[in-house]
Amino acid sequence: MNASERFFRAVETTGAWLLALLWIAPLLYAFWAAFHPSEYAVRFVLTAPLTLDNFVRAWDFAPFARYFLNTFILVTSILAAQLVLCTLAAYAFARFEFPGREIAFLLVLVQLMIVPEILIVENYGTMARLGLVDSILGIGLPYMASAFAIFLLRQTFKTIPRELEEAARIEGCGRLGVLWRVYVPLSKPTYVAFGLVSVSHHWNNFLWPLIITNSVETRPLTVGLAIFGAPESGVDWSMISAGTLMAVAPLLLAFLIFQRQFVQSFMHAGLK
Amino acid sequence: MFIGLRKAARAAAVAALCGSVMSVPAMAKDVELTMYYPISVGGPLTKVIDDMVGEFQKENPGVKVNAIYAGNYDDTRIKALAALKSGQAAQLSVLFSIDAYELMEQDAILPFDDVVETDEDKAWLASFYPGLMENGVIDGKTWGIPFQRSTIVMYYNKDAFREVGLDPERPPQNWDEMVEMGKKLTKPDGSRWGVMIPSTGYAYWMFGALAKQNGEVLMSRDGKQVYYSNPGVVEALQFWRDLAVTHKVMPQGTIEWGTLRQNFLEGKTAMMWHSTGNLTAVKNDASFDFGVAMLPGNKEPGSPTGGGNFYIFKNTTPEERKAAMQLIKFMTAPERAAKWSIETGYMGVSPASYETEALKAYVKEFPPAAVARDQLQFATAELSTYETGRVRKLLDDAIQAVLTGSKQPKAALEEAQAQADRLLRSYR
Amino acid sequence: MTSSRLNQVYGWLLLLPAAVLLVAFTHYPTIRTLVDSTFSKSTATRPARFVGLDNYAMLLDDPVFWQVAVNNLIFALGTIPASIGLALVMALWVNGKLAGRGFLRLAYFTPTILPMVAVANIWLFFYTPGIGLIDQVLGLFGLPGRNWLGDSATVLPSLIVMTVWKEAGFFMIFYLAALQAIPPELKEAAMLEGAGRFTYLRRVLLPLLMPTTLFVLVNAVLNSFKLVDHLFILTKGGPNNASSLLLYYIYENAFSFFDTPYAATLTAVLLAVLALLAAGQFLILDKRVHYR
C-alpha cells in the first residue's frame, strides 16, 4: 500500500465512523435521556446520576403491556395469514397452468405500487361496513395478501427442479402434499427472509393502525407511543425516550442477537 | 360518506331494536359507558381521570365506565366520531368546546336540555361560569358542559425579572410594557428571549387573545361569519409579527406549542403564554421562582376560553343517557372540579368549586391557581364555526404564513377571510 | 375431467383466498376512489350527490393542494438521490476492508428497525430551537441557533435529512447484497489493466449495480409518497403547510375535515402519479433489457 492509498483509507475510515456515529446518535440520545433524571434530558453533564425512574413512569403512564400484546398478536396473525395465503397463491402461479394466469399475476403486482397506505380512505369505509373498525383483524386484513410475498415465493418455487416434485408424486403425494413436503422446506431461507421483513415492517407500521384503531384494546405500540408522546401534551423527553426504548427493545434485541441473519434476510428479500 | 345514509339508518334501526330486546333481560340495570377524552397539556392527567372514574364506579356500582385517552383534541374528535360512524358504542365524550357546530352538523350530539328533567338538574345547568358556557350554548340550547377548561395565562420567570432589575411582582400590564420588559429580558446572544407565544397546534387560540386585547372577536355568535380581515384583527397579527421582527423580543418563525414549556423551564424565555392547564406541570418542574399573570391587554384585557366540554351522543338509550348524566354531574361537581383544578391547573368550572375547602386552601397557598378564573371576566369564546376544522386551519395557516415572513398580515388575513366566506356561505 | 382441466381448477382455488383479499383491499378501493371523487360531501343535513368533475376543479383551485404537491416533489427530489447515494457509499465501505465494519453495518442499518413515530420524537429534540441538540452543538462553535421546524425555509430540508437517515441504511442492504455477488477477480482484473479506484467504480461497478439501483429507486420513490408518519409528531404539516405531503393532506381531509369525496379526489391524483411511475418503470426496464 503506498502513502496516498493509506491516506485515502484513513480518510474513508474516519468518514465511515463519523457517519456511523451520526446514524446512531438518536439512539444514543434516547439512552441518555431515558436513564437520567428529566433535568438532564437536554443537558449533557457526565456526572448526571443514573435512574430507572423514567421507565417506571412511562410504564405507569400508558398501558404498555397491552400495547405489546396487541402488537404481538398483530404481527403474528399477519405473518401467519401471509405465509398461508401467499404460499398457496405463489404455488398456483409457479406450477399451475390456468386461464388468466398472466393477467392475474399482473393484477397481483399492482399492489407493489398501490400499497395499502395509499388507499386508507376507501379501506376505512370497507372496514366500517364490515364492522371491523377498531379490531386487530381490521389492522391486519389489508396486508394479509401480500404481493411482495407472492412474488418472492413464486420466484423461489420456480427455481425448484420439477424432478423433485415428480419424485414426490410417485411416492403418492397429492398437490398440497407436494407443496408441503417439497416446496416449503426447500424455500426456507425465503420464508425466514420474508418473515423478518414482514415482522419488522408491521411492528413499526403506524398510519393505518392509527386510523383504524380507537381504543387501548387494539392500539399497537406505535400508535400508543404516538399518543403517549404527542407533543401537545408537553414534551417530556426522558419519559418519551424510556417509552421509545421499551417499544423498540424486542426488535432491537432480536436484531442485535441475530444481526447477521437479519441483514442476510433483507438482502435475500431484495435480491429476487 | 363512510356508510351510506340509508344503510346507517337501517343499522341504527336494527341496533335500536336489538338494544330494546336485549335490555329486557338485563334487569340488573348494568349500564356500560364508553367515553373518549383528550389531553393537550403536560403532566400525568390520565391518572387523574382514571382515579375520578374509579371513584365514580365505586359510588355507582351499576355503571361501568371505559374512559379512553385518544390523544389531542383533534385526535379525540376524530376517534369519537369514527367510533360512532362505524357503529361502535360511545355514549359521551370530552371533546373540544369548539367542536359543537361540527358535532351538531354530524347529528352526533344531544342538547342537555333534552336530558335534564328535574328542577335540580336545571339549576345544575346554571351553576357553571357563564363565560365557560359560551361555546356550548347554541340556538338557545346547551350542547356542552364545561370540564377541562382554561384560559391563556402568562407564565414569567421572576428570577429573570430580578436579574435585569424589573419588579418580579409587577408583570407587564399591556402590550407596550410587555415589549419594553421583553427588550430588557432578551439576551443579545440568543440564550434568552423576552417572550414566546406558541404558534403551532393552537395558533388561532393564542391569536384570539391578541385580537380580543385589540377589541375584536374572531367570529359571530351563530358560527356563520368570521371577522379575520377586520382592521383590528390585522393589527393584532401585525403586533405578533412585530414582536419578533421589529422588537426582537421573540424568536422568528413559529414556536412549537409542545416544547414551549420545556423552553420556559430551561430559562430560554422569560415569559410564555400558555394554557393554564399547564400550571401544575410547570409548578412541579420549575427550578426557579415563577409567577403567573393575566395576559397583558392593549385596548382591553382578554383571552379566549379554551379546553374541553362533555357531550352526550344522540345514539344512546334512555338508561345510558341517565348514567351519562350521573357521570358528568359527578365529574363536574364542586369537589371534583376543585381536585381536578389542583392536580392540573385547569379552572374550577363553577363558582362553587372555588368555595370548597380544598381549592380555597390551595389558592391561598398558591395564588397563581386563581389567575385563570380572575381572567374569566375578560374572556371571550374560542373560535368556533360551522366547518370548524377547515375554517380554523385557514386562520392557523394565515398566522403561520405571517410569522414565517411569507405573507403580510393584511393579505394573509384577507385571503383567509375570502376562503372562509366561501366555506360558510352555504350556512347563511 | 381431464387432468389439465383439474389443474386449472386447482390453480384458481389456490389463488382464490389471496385474490379475494387483494381485490377487496387493492382493486375495489382503487375503483371506488374514482367513483367517490365524483360525489359531493354528505352531512346529516345534506346527502351526497353526483357532481361530476367539480371536486377536480376545486382541487385545481386549491392553493394548499398545489403547495403540497410541490412539497412532495421537493421531498422526493431531496430524499431519493441523497439516500441512494449514501446507501451506495455505505455499502462500499461496509463491503471493503475498513476497521470495524461489523459495527458500521450495524450502525447504518439500525434506523431501519426503529419505528418512525418513535424516532420522530427524538428528532424533535434535535431540531428544537435553543435547547435542541443541533442548536447546542452550534452554540459550542459560537454559531447562532435556528428555528429549524418553525421556519418555512428550513422545515422541509429538516424532514428530508431525517428521512434520508431513516432510509439510507435500508437501501444499503440491497447494494451490499449486489456487491457481494460480484466476483473479486473482476476488481483484480480491472486493477491490473491500470484502472484507478474511481474508474473501476464508474466503469465497472455502477453498471453492474444498475438493476439494484433501479429496484432501490422504485422503493425510494414509493416511500416519498407513503412515508408521512413523522409529520404527525414533528410538524402536522406546518408552518402554513410548508412541510405537508400529499398523503398527509389526504389524511387531514378524510379524517379531520370528514370530507371523503375530496380525500378521494386527492387519492385519485396520487394513484395517477403512481400509475405514471409504474409505466415509466416498465419503459426503463424495457430499455435496459434491450440494451443488454
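**Exercise 1. Find out which share of the contacts in chain A with a separation of 6 or more comes from residues 24 or more positions apart, and describe the elements of the chain.**

Solution. In this predicted model, residues 24 or more positions apart make up 76% of the contacts in chain A that have a separation of 6 or more. The next step is to look at the elements themselves, and here chain A shows 14 helices and zero strands. Turning finally to burial, one finds that 50% of the 272 residues of chain A count as buried.

**Exercise 2. Work out how the spread of chain A compares with the globule rule.**

Solution. Begin with the elements, which in chain A are 14 helices and zero strands. The radius of gyration of chain A is 24 Å, whereas the globule rule gives 19 Å for 272 residues, and because the value for the chain is well over that of the rule, chain A is more spread out than a compact globule. As a further step, the spans of the C-alpha trace along its principal axes can be read, and they are about 75 × 70 × 30 Å.

**Exercise 3. Describe the two domains of chain A and the contact between them.**

Solution. The domain assignment divides chain A into domain 1, covering 3–56, and domain 2, covering 63–271. The C-alpha centres of these two domains of chain A are 33 Å apart, and their contact takes eight residues from domain 1 and nine residues from domain 2. On the side of domain 1 that touches domain 2, helix 1 (3–35) and helix 2 (53–61) of chain A each supply at least two residues, and the largest share, three residues, is that of helix 1 of chain A.

**Exercise 4. Describe the sides with which chain A and chain B touch chain C.**

Solution. Taking chain A to start with, 71 of its residues are in contact with 72 residues of chain C. Helix 1 of chain A gives the most to this side, with ten residues, and the side as a whole divides into 53 nonpolar, twelve polar and six charged residues.

For chain B, the contact joins 29 of its residues to 26 residues of chain C. Helix 3 (73–85), helix 11 (257–265) and helix 18 (388–403) of chain B are the elements that give two or more residues to this side, and helix 18 of chain B has the largest share, with six residues. The side of chain B that touches chain C consists of eight nonpolar, 13 polar and eight charged residues.

Note on methods: Residues numbered from 1 in each chain as written. Chains lettered and ligands numbered in written order. Predicted model: local features only at pLDDT ≥ 70, side-chain atom pairs only at ≥ 80, totals over all residues. Domains from an automatic or database assignment. Contact = placed C-beta atoms within 7 Å. Helix = DSSP H or I, 4+ residues; strand = E, 2+ residues; numbered from the N terminus. Nonpolar A, V, L, I, M, F, W, Y, C, P; charged D, E, K, R; others polar. Rg over C-alpha atoms; globule rule 2.2 N^0.38 Å. Buried ≥ 20, exposed ≤ 12 C-beta atoms within 10 Å, placed from the backbone.
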